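Please examine the sequence and the structure shown below.

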Amino acid sequence: MSDTTPLVAAVWLPLTEVKRWEKNPRKNAKAIPLVARSIRRYGFVAPICVWESRSRVVAGHTRLAALESILREDPGFVPRDAPGVGLVPVRLHEFTDEAEASAYALADNKLNEAAEWDSALLADVMKDLRAADEALLAETGFSDEELKELLGDGGASGGGGGNATEEGP
């Protein structure tokens, strides 16, 4: 890293201080258990984007719901690197108006769909994961069937149960 003045990219806020976007058109119920599994394993790595003056979530609804689901099962759960229970990392941003916030929310979800996998490189990474720690394959979000296809030998174990995520963890 270069010598730069460190800036705070996110703050930790209580879940209760952020409001959900009532018009969120994304159906993310299937992704919640997968994202919860990721948060349990890696912590809450990607912050939620909140419209600062309205305290409203613009991006990160699935991550928020995943943490809430974890806390229902385990009220004392603290993600790795979090300063306490019930706190989420939040990137505060001031949008100019409702239209801009809505457009960003849609883009945050839709733009991920434009990317494609390089199958050969993906298979190489999966093989490297299997060699390092086969249990990590289950943490990738790929189903058992996808892993078997990528690894080409049926040697996958403990798949992630699908890849229907709204966003990266």
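At what angle do helix α4 and helix α5 pack, and how far apart are their axes? The model, which is a predicted one, gives a clear description of this pair. Two packed helices are described by the angle between their axes and by the distance between those axes. Helix α4 covers residues 119-133 and helix α5 covers residues 144-151; they pack at an angle of about 100°, and their axes lie 9 Å apart. Angles of 65 to 115 degrees count as roughly perpendicular, and α4 is therefore roughly perpendicular to α5.

Which residues make this contact? On the side of α4 they are S119, L122, A123, M126, K127 and R130, while α5 contributes L147, L150 and L151.

The view may now be widened to the whole chain. The chain contains 5 helices and 4 strands, and along the sequence these elements follow the pattern β-α-β-β-α-β-α-α-α. Of its 169 residues, 39% count as buried. The chain exposes about 10,200 Å², and carbon and sulfur atoms supply 54% of that area. Among the contacts in the chain with a separation of 6 or more, 68% are accounted for by residues 24 or more positions apart.

The strands come next. In what order do the 4 strands of the open sheet stand? The order is β1-β4-β2-β3, and the pairing is mixed. The edge strands are β1 (11-14) and β3 (56-59), each of which pairs on one side only. Neighbouring strands of this sheet are turned against each other by 55° on average, with direction ignored.

One pairing may be followed in detail. Strand β2, residues 48-51, is joined to β3 by 3 bridges, and the two strands run antiparallel. Within this part of the sheet, C49 stands opposite A59 in β3.

Which strands does helix α2 touch where it packs on the sheet? Helix α2, formed by residues 61-73, touches β2, β3 and β4 (87-93), and its direction makes about 120° with that of β3. Helix α3, formed by residues 98-110, also packs on the sheet; helix α3 touches β2 and β3, and its direction makes about 45° with that of β3.

Conventions
Residues numbered from 1 in each chain as written. Predicted model: local features only at pLDDT ≥ 70, side-chain atom pairs only at ≥ 80, totals over all residues. Heavy atoms only, no water. Axes fitted to C-alpha atoms, helices over the stretch in contact; angles between N-to-C directions. Parallel < 35°, antiparallel > 145°, perpendicular 65-115°, else oblique. Contact = heavy atoms within 4.5 Å. Buried < 20%, exposed > 50% of the residue type's maximum accessible area, 1.4 Å probe, protein only. Areas by Shrake-Rupley, 256 points an atom, 1.4 Å probe, with all protein chains shown as cover. Pairing = 2+ DSSP bridges.
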